[in-house]
Amino acid sequence: MYHNFAKLFEEAEAAGSIAKAVLNNEMEQHDLTEDEVYTKLATRWLVMRTSAQKALEAPRQMTGNLISGQSKKQQKYAKTRGFSGSVINQAMAWALSSSEVNASMGRVCAAPTAGACGVLPAVMLSAANECDASEQEILEALLVAGGAGAIMTRNATVSGAEGGCQAECGVAAAMAAAAVVTLAGGTAQQLGSAVSIALMNCMGLVCDPVAGLVQLPCSFRNASQAVNALISADMALAGQDAVIPPDEAVEALAKVGRSLPSALRETSQGGVAASKTAQHITQALKMDALS
Amino acid sequence: MELSIFEVLGPVMIGPSSSHTAGAARLARVAAEIAQKPFGRVEFGLSGSFAKTCRGHGTDKALLAGAIGLSPDDEQIADAEKLAAKAGVEWRLYREDLDWMHENSVHIIFHHEDDTSTEIWGSSIGGGRIEITRIGDFETRIHAENPTMLVNHLDRPGVISELSRVLAHYEVNIAVLRLSRVGRGRQANAMFIVDNEIPQAAVDELNALPHVEEVVVVDVS
């Protein structure tokens, strides 16, 4: 039974692939058949896909409307290709859509959390488009993302209140990077590097929600961590060696999370949440802490 | 890996926060199942990040929604206050220091119609996962990811053996068993995490055992 990446890669050799090793574990531990696992994955993929597309055309209404309409703007801009190209701009539009749906108390699939629910769907849609993946290939990549996420949940944390945004959007980016390497048919070595690179790129990222709302900077972080996932996978697939093994990067993430002061862990007391403008928004929306 | 990939790729839920909305709803729902008896008033003492971002994250609505039995993926969570008022349930949220617990913790007090109350402490530990850490006088550790059975009993020799005999008879496999007690020979609590559903007949039989005072099954999976 795996509990870290090293052991997962070892089991993958025997099972034939990383996806198969994660599948076997899920079936054994939770008494499910292969069909049941895939049916559950397909249900979640549908919720993810829907949330990533829902706000592209119609802005969502939410408390304060701080991020309402972001997805539509980015979607329109993506058609011009901008400076970072259409793939990146489209990925950001999808990530922003899920963030809008989430903020409006709509239905999302947490991956690993609701605050970070935009990253994985946006990256999966982008990567699947680029390599023309089948539904089955997408679900296999989701299995791997889930396995990677389980390791990071167990060995670090996915709670922003415990580990900052690096534990939410950062872990989501590492899961998504693992999924992209899987879709690309990469090796375990490349997958490990993609996870490490993604985590290195966001290490120390704080959780500082303006007015305690899951809107700003959350939506921008979903968009930028989706991009982090894509470029980390690209670097690993180009043959960049992360040098630091993924299990050590996860351990570092956990330690950094514990050393972050409470003000930077989802308390809206530090970071941009403590800015003058954020304070004004908090007062205007009457979002003060409980007394 | 004991943790299911569906705890990570999930839950499917109503936003905006897996810990502060979905986790809060699940925590209160599990707590209400443990409390069992109907209640006319419920109080939530919130600490740490829970107290600081409460309204912005919809934690107030989610806790109330869970207490009145809604699931984390129920779109009615946004209307929890209206639903609770309609059901004649009063509620209060306040800030409480629970520094020894996780950042996202709550102390829930259910005031039952028979003038008794049930106090439960728990935390939302990330990604919608929860941990109930204390029920009344008993320390515990309940995640409610598998069917869980709580048995209040007197601390007497052979009680655990009888409980497990009945479970074995109904082919219920025990994954984890944790025991705690107020003191030798006094009130005790056994928590069983099991692999499969516990049939009602088993619960009835367990309830009839000597020294067993109450059996509560929590199954929200």
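These legends walk through several close-up views of a predicted model.

A few notes on reading them come first. Residues are numbered from 1 along each chain as its sequence is written, chains are lettered from A and ligands numbered from 1 in the order in which they are written, and side-chain values use heavy atoms, with hydrogens and water left out. Because the model is predicted, local features need pLDDT of at least 70 and side-chain atom pairs count only at pLDDT 80 or more, while totals for chains, interfaces and linings use all residues.

**Figure 1. Helices α3 and α5 of chain A pack against each other.** Two packed helices are described by the angle between their axes and the distance between the axes. Here, α3(A) (residues 34-54) and α5(A) (residues 85-103) meet at an angle of about 95°, and their axes are 6 Å apart. Axes are lines fitted to C-alpha atoms, for helices over the stretch in contact, and angles run from 0 to 180 degrees between N-to-C directions. Helices (H or I, at least four residues) and strands (E, at least two) are DSSP runs, numbered from the N terminus. The pair α3(A) and α5(A) is therefore roughly perpendicular; angles under 35 degrees count as roughly parallel, over 145 as roughly antiparallel, 65 to 115 as roughly perpendicular and the rest as oblique. On the α3(A) side, look for M48(A), S51(A), A52(A), Q53(A) and K54(A); on the α5(A) side, W94(A), S97(A), S98(A) and V101(A) make the contact (heavy atoms within 4.5 Å). These contact residues divide into four nonpolar, four polar and one charged. Ala, Val, Leu, Ile, Met, Phe, Trp, Tyr, Cys and Pro count as nonpolar, Asp, Glu, Lys and Arg as charged, and the others, Gly among them, as polar.

**Figure 2. The largest pocket has residues of both chains in its lining.** This pocket holds about 1700 Å³ of space. Its lining has 45 residues, and H30(A), S4(B), E7(B), E145(B) and N146(B) lie nearest its centre. On a 1 Å grid over the protein atoms alone, a pocket is an open set of points with protein on both sides within 12 Å along at least five of seven lines, a cavity is a set of points where a 1.4 Å probe fits but cannot get out, and lining residues have an atom within 4 Å of a point. Grid points are joined across faces, edges and corners, and a volume is the space filled by probe spheres set on the points. Which element gives the most to the lining of the largest pocket? That is α2(A), with four residues. By class, the lining has 15 nonpolar, 12 polar and 18 charged residues.

**Figure 3. The second largest pocket draws on several elements of chain B.** About 460 Å³ of space lies here. Of its 21 lining residues, T118(B), I135(B), F138(B), N152(B) and E214(B) lie nearest the centre. Elements supplying at least two lining residues each include β5 (117-126) and β7 (138-142) of chain B. The lining is made up of seven nonpolar, nine polar and five charged residues.

**Figure 4. Four strands of chain B form an open sheet.** Strands of a sheet pair through backbone hydrogen bonds, either parallel or antiparallel. In this sheet the order is β9-β10-β8-β11, with antiparallel pairing (two strands pair if DSSP finds at least two bridges between them). At the edges sit β9(B) and β11(B), each pairing on one side only. From one strand to the next, the twist averages 15°. Seven bridges join β8(B) to β10(B). Helix α6(B) (residues 159-169) packs on the sheet and touches β8, β9, β10 and β11 of chain B; its direction makes about 145° with that of β8(B). Helix α7(B) (residues 200-207) also packs on the sheet, touching β8 and β11 of chain B.

**Figure 5. The largest cavity is lined by 15 residues.** The structure holds three cavities of 30 Å³ or more, and about 160 Å³ of space lies in the largest cavity. Closest to its centre are G115(A), E168(A), C207(A), V214(A) and C218(A).

**Figure 6. Two cis peptide bonds can be found in chain A.** One runs from A111(A) to P112(A), with omega near -5°; P112(A) is in the loop between β1 and α6 of chain A. Another joins L216(A) and P217(A), with omega about 0°.
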